[in-house]
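My notes follow in the order I took them.

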Amino acid sequence: MSFDYRSIGAISLVATAALTTAAPSAAQAHEAPTTTADRVLRVYNNNIENLVRNNADGSCTRISGPDHLTSMLVDDNGKTGTSGVQAPDLLIVQQVRGTGQATAYADQLSAKFGYPAGTYKAIVAWDDPEVWGGTHRCSRQSLGDLKKKQTNGILYNTRTLSLMAGDISKYWSAGWLKPGTSYRDGAGCTLYKPPSNDASSADEHKWKRTSAIAAKFTVKATGTPVFAATMHLPEQNGANACAGAGSAGIAKSGIHIGADATSLMNASTIRVIGIDANRTGIAPATLGGFGMTGYGTEATSGSRKIDYLFVKGAVQPSSIGHTVGSTKSNHLALYGFVTF
């Protein structure tokens, strides 16, 4: 684990490095908004599953970063692959392997729109999390091994957004009800990190995939402060909403927001939170106390809606319910284009 300028070992600000990529097509080389002429913040959320998709037959398929991005980025009409697809400002992701994968993915996003490497940067909760688990349900073990390191991140467009050194939160842990523990409305919940994480050596570091991270950005053209956070809650949250420390979380959803992140959020006009909650039935008004509304009306993982995008801001309507059905992941991407 690396230490940043704030001596917080769980946070790494990833500066992207150059990749060898093909030149983008004319349809791809769109300019991101840099003036007030297009005051739209384009936000996406997706659990990218380490860019390895689990198939129903037990096999797994590795997905390239460019193919994944093409499958989820949409134009104002919710369509992928058109000349109207513009560069996103924020891409909130869950389940990346750490700095290395975040760097490559950010560079591929830059290249897709004809920008130099380093135009997109990323924040990850853990720079290089330890491995955990077994096959990860991949019959080909080499693909399962690609899913053994998991953390969460936020990619941002440096053409449109700036980030100050003090505006990244400490990571915060998800809540977890250890299997077999008595539960009633949050009773029995604990923070999912040592010494309360999975006891087996194979799962010792599994908790790192649920470390949340947040940051406050500034829109360069207008000075508008923007808060973004990424969360991934444990599977156990599906049966029993658990946010840690004996709490069922906000509106009994299993969601809670760390103290540092809350301070950054309170100082922001636009607020976005992307979550793989591993729980169905979380209402759009769940984070209404923070002025936020949930977007995305379709199932995101098979027949279940377990992924959520909450936004404070004027979100443009979506013809596809803010859910991108073509996403090349086991989770469908959510998006919101916020005017300001």
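**Entry 1: a glutamate in a loop**

I started at E49, which is found in the loop between β2 (40-47) and β3 (52-54). For the record, helices (H or I, at least four residues) and strands (E, at least two) are DSSP runs, numbered from the N terminus. Before going further I noted that this is a predicted model, where local features need pLDDT of at least 70 and side-chain atom pairs count only at pLDDT 80 or more, while totals for chains, interfaces and linings use all residues. Residues are numbered from 1 along each chain as its sequence is written, and side-chain values use heavy atoms, with hydrogens and water left out.

Is E49 buried or exposed? E49 counts as buried because its relative accessibility is 10%; buried means under 20% relative accessible area, exposed over 50%, partly exposed in between (1.4 Å probe, protein chains only). I then looked for a polar partner and found the side chain of Q95, joined to that of E49 by a polar contact of 3.0 Å. My cut-off there is a pair of N or O atoms within 3.5 Å; within protein, one must be able to donate a hydrogen and the other to accept it, and residues adjacent in sequence count only if both atoms are side-chain atoms.

Setting aside neighbours within four places in sequence, I listed the contacts of E49 (heavy atoms within 4.5 Å). They are N54, Q94, Q95, K147, S329, N330 and H331.

**Entry 2: positive phi**

N50 lies in the loop between β2 and β3 too. N50 isn't a glycine, yet its phi is positive, near 55°. N50 counts as buried, since its relative accessibility is 1%.

H322 gave me another positive phi in a non-glycine residue, near 60°. I placed H322 in the loop between β16 (314-315) and β17 (323-324). With a relative accessibility of 9%, H322 counts as buried.

I also checked for cis peptides and wrote down the bond joining P194 and P195, with omega about 5°. P195 lies in the loop between β10 (190-191) and β11.

**Entry 3: rings**

How many aromatic pairs does a search of the whole structure find? I got ten. The rule: rings of Phe, Tyr and Trp (its six-membered ring) pair if their centres lie within 6.5 Å; planes under 30 degrees apart count as stacked, over 60 as edge-to-face and the rest as tilted.

Y44 and F337 are one of them: their ring centres are 5.9 Å apart and their planes at 70°, so I logged the pair as edge-to-face. Y44 sits in strand β2 and F337 in strand β18 (residues 333-339), so the pair links distant parts of the chain, 293 residues apart. Y44 counts as buried at 0% relative accessibility, and F337 counts as buried at 3%.

Next I took Y156 and F217, whose centres are 4.9 Å apart with planes at 45°, so this pair is tilted.

I noted one aromatic cluster made of Y44, Y335 and F337.

Then charges over rings (NZ of Lys or CZ of Arg within 6 Å of the ring centre and within 35 degrees of the ring normal). The charged end of R159 sits over the ring of Y115, 4.5 Å from its centre. K305 lies over the face of Y308, at 4.7 Å from the ring centre.

**Entry 4: a sheet**

I traced an open sheet of six strands, in the order β8-β11-β12-β13-β15-β14, with mixed pairing. Two strands pair if DSSP finds at least two bridges between them. The edges are β8 (161-168) and β14 (293-295), each pairing on one side only. From one strand to the next the twist averages 25°. (Axes are lines fitted to C-alpha atoms, for helices over the stretch in contact, and angles run from 0 to 180 degrees between N-to-C directions.)

Inside the sheet, β13 (residues 270-276) and β15 (residues 307-312) pair in the antiparallel sense over six bridges. I looked up the bridge partner of I273 in β15, and it is F310. Helix α4 (residues 259-266) lies across β8, β11 (213-219), β12 (225-232) and β13, at about 20° to β11.

**Entry 5: totals**

The protein chain has four helices and 18 strands. Buried residues make up 55% of its 340 residues.
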